[in-house]
Amino acid sequence: MSDLNIIVYENGCKTSDHEVLACIRKAFKLGFNILALNVIVGESELSTKQPLPKPIKFDIPEFCLKEARSQGRTLKLLTRLSGKVATNQQAHKLQNNPISHEYDLIAAWPCTEGLLNSIINQGGVDILFYPLTETCALPKYSSIAHAIKKGIFHELPYSALLGPKRAFALKGMRRLIYRERSGFIFSSGTASPEFIRGPLDVSFLGHLLDFTADYSRCLVWDGPASVLVHAETRRRTDRGAVMAQLLEKVPPGERWLIEATQVKPKKKKQRKLKLPRKSNEAEDDDDEDAVETPVVKRQRTE
């Protein structure tokens, strides 16, 4: 179980260490095993030549480690870089900057549909997010489906459903999931421990979006795990991911690739069966092949 959005830095303002440690303690105590400390940068930081902020790292509190060992759990803290991109230069800096490679996860908020499709095709991010408590242009359904095919997930921060703008945020979430029900994850998206909830409580929030209980659990358990697999694959070029899909569900425009890469079985050569010769023919052949020796010739003349 993972919470991939604990905010530690946002637009030049760093969250106090006390608040961050309180979030870490509470999240681990509620049952999460993996947390991502999120550094959010704005357009100004991506536009200027100043370097991006370094990953902010914390040590896991000792009492959390002791409790995890007694329960047989493994705790892990990851780093995440998120940014709002409005131009191709900003998107390039977010994905390809040397400091970006020091982060475990990369998330982007594309301001235009063209930037969104470009980022999806490049595959340099793991998560797409939108400020659901603000008025912004949400992606088209075709772009959401395209991101799902590429293994990139959209984020639904549940802390927005606990704040004063919950109705506005709920409307935005329903707009995102109107057609596609896969390719989404739940995360806290907060810098305050009072908005962090346990995995089971977060899955119950799925009822507000008309999710089934099983699918709500997938947004908390399976979805973040898939994001981590995508991030590991993106950062290491010597690895790859394989997706299995039924042939009937492959889009018509991609079936040519399957036919082109399909290995055709080799035709086996049919062996001709040699029929056994008849006994008379065998005797005749033996007589023809026999060589007359001098002893046989003398006996024949006598």
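Student: Pro-193 sits in a loop, so to speak; between which strand and which helix?

Tutor: This is a predicted model, where local features need pLDDT of at least 70, side-chain atom pairs count only at pLDDT 80 or more, totals for chains, interfaces and linings use all residues, and side-chain values use heavy atoms, leaving out hydrogens and water. Residues are numbered from 1 along each chain as its sequence is written. With helices (H or I, at least four residues) and strands (E, at least two) taken as DSSP runs numbered from the N terminus, the loop with Pro-193 runs between strand E8 (184-187) and H8.

Student: Is Pro-193 buried or exposed?

Tutor: The relative accessibility of Pro-193 is 19%. Buried means under 20%, exposed over 50%, partly exposed in between (1.4 Å probe, protein chains only), so Pro-193 counts as buried.

Student: Which residues does Pro-193 touch, leaving out those up to four places away in sequence?

Tutor: Glu-19 is 174 residues away along the chain, yet its C-alpha lies 7.1 Å from that of Pro-193. Counting heavy atoms within 4.5 Å as contact, Pro-193 touches Glu-19, Ala-22, Cys-23 and Lys-26.

Student: At what angle do H9 and H10 pack?

Tutor: Arg-217, Cys-218, Leu-219 and Val-220 in H9 meet Asp-222, Gly-223 and Pro-224 in H10. Axes are lines fitted to C-alpha atoms, for helices over the stretch in contact, with angles from 0 to 180 degrees between N-to-C directions. For H9 (residues 213-220) and H10 (residues 222-235), the axes are 3 Å apart and the angle is about 35°.
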